[in-house]
Amino acid sequence: MRIVLLGAPGAGKGTQCKRIVARYRLLHLSSGDILRTDRAADTELGRKAGSYMDSGALVPDKIIVEMMTEQIKKAADDGFILDGFPRTVNQAEELDKSLASIGRKIDIVLNLKIDDRLVAARMTGRRSCPQCGAVYHIENLKPDVEGVCDNDGAELVQRPDDSPEVVANRLENYHLQTEPVVDYYKNNSTVYDIDANKNADEVSTLIDDLLLTSAPKTENRGPNVSEGSIVNSK
Ligand code: AP5
């Protein structure tokens with residue numbers, strides 16, 4: 001399966017992607033994670049992207065498309081789930097062109113729909129593990145020991161772009177620049193709207209039901225829940 005997961009900041013894209021890849025053995029390609037890794041390593045890409053990310057603006061399409069498309073093409077035959085990309089109509093068009101050049105296309109678009117009023121609380125309560133990338137929430141998805149990752153014992157951190165002011169900018173940019181991507185896909189692909197206001201387990205169930213009924217039948221990549229642990233499943 002080649003899946004795009006769309007949704008506003010805090011809709012739960014990262015949380016659900018981790019569960020989907022554990023279950024379906026797909027490659028998880030998160031543009032935000034790639035950018036944060038590059039920033040931590042102080043690469044040229046990371047330096048170029050930094051000021052945009054800190055203010056809640058989108059990084060320019062040219063930088064993002066170059067960063068994502070080669071990796072996506074390499075993973076096209078094995079299956080992938082895209083998290084945070086594409087985020088503009090231009091990025092979606094470039095992705096389609098790039099996949100078409102190797103005779104592939106996006107199979108399914110999952111659109112996580114969340115009310116704006118829930119976004120701020122999800123973002124400001126988020127805590128992440130700097131070592132393994134597990135994502136928690138101080139109220140909704142707590143670790144066993146407060147402030148400590150269940151997987152590796154690392155101290156959990158807060159993302160710098162999760163401050164209320166930056167979250168407001170990110171949400172505004174989502175409505176202006178990323179919502180049109182949903183319409184783009186509604187004209188070109190199969191799009192499923194998913195109620196992301198529900199708790200994380202309920203959202204996972206909705207996604208599983210959809211993937212089980214809509215996965216391309218020729219792929220030999222059925223669900224295998226024993227293949228990996230589901231992060232934050234409590
Ligand atoms: P990115 O990292 O992609 O951020 P985002 O899209 O704003 O999404 P988030 O990671 O903040 O939220 P999420 O939906 O993954 O939610 P999560 O699962 O963590 O991008 C960061 C920046 O990079 C951008 O602002 C931009 O500058 C740049 N960038 C990235 N891609 C780009 C692109 N393609 N083009 C241009 N620029 C780009 O959940 C959030 C919290 O809620 C967690 O605490 C979680 O535990 C909790 N939670 C999750 N689900 C639920 C639930 N169902 N109920 C209750 N709590 C829940």
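This is a predicted model: local features need pLDDT of at least 70, side-chain atom pairs count only at pLDDT 80 or more; totals for chains, interfaces and linings use all residues.
Residues are numbered from 1 along each chain as its sequence is written.

The shell around the ligand holds 36 residues, of which Pro 9, Gly 12, Gly 32, Gly 84 and Arg 126 come nearest, a residue being taken as near a molecule or strand if its C-beta atom, placed from the backbone, lies within 6 Å of it. Two or more residues of this shell are given by each of helix H1 (13-24), helix H2 (31-40), helix H3 (44-55), strand E6 (135-137) and helix H8 (200-214); helices (H or I, at least four residues) and strands (E, at least two) are DSSP runs numbered from the N terminus.

An open sheet of 5 strands shows parallel pairing in the order E2-E3-E1-E4-E7, where two strands pair if DSSP finds at least two bridges between them. E2 and strand E7 (191-195) form the edges, each pairing on one side only, and neighbouring strands of the sheet are turned against each other by 20 degrees on average, direction ignored. Strand E3 (residues 80-83) runs parallel to strand E1 (residues 2-7) and is joined to E1 by 4 bridges; in this pairing Arg 2 stands opposite Phe 80, and the bridge partner of Val 4 is Leu 82. Strand E2 (residues 27-30) is likewise parallel to E3 and joined to E3 by 4 bridges, with Ser 30 opposite Asp 83. Helix H4 (residues 61-75) lies across E2 and E3 and runs at about 170 degrees to E2.

Two packed helices are described by the angle between their axes and the distance between the axes. For H2 and H3, the axes come within 8 Å and cross at roughly 115 degrees, the axes being lines fitted to C-alpha atoms, for helices over the stretch in contact, with angles from 0 to 180 degrees between N-to-C directions. The contact is made by Leu 35, Asp 38 and Arg 39 of H2 together with Leu 45, Gly 46, Ala 49, Gly 50 and Met 53 of H3, residues being in contact if their C-beta atoms, placed from the backbone, lie within 7 Å. These contact residues divide into 4 nonpolar, 2 polar and 2 charged.

Ala 41 is placed in the loop between H2 and H3, and is classed as exposed because 9 other C-beta atoms lie within 10 Å. Tyr 52, in helix H3, is classed as partly exposed because 15 other C-beta atoms lie within 10 Å. When residues up to four places away in sequence are not counted, Tyr 52 touches Ala 57, Leu 58 and Val 59. Tyr 52 and Gln 177 are 125 residues apart in sequence and 14 Å apart in space, C-alpha to C-alpha.

Key: Two residues are in contact if their C-beta atoms, placed from the backbone, lie within 7 Å. Ala, Val, Leu, Ile, Met, Phe, Trp, Tyr, Cys and Pro count as nonpolar, Asp, Glu, Lys and Arg as charged, and the others, Gly among them, as polar. A residue is buried if 20 or more other C-beta atoms lie within 10 Å of its own, exposed if 12 or fewer, and partly exposed in between; C-beta atoms are placed from the backbone.
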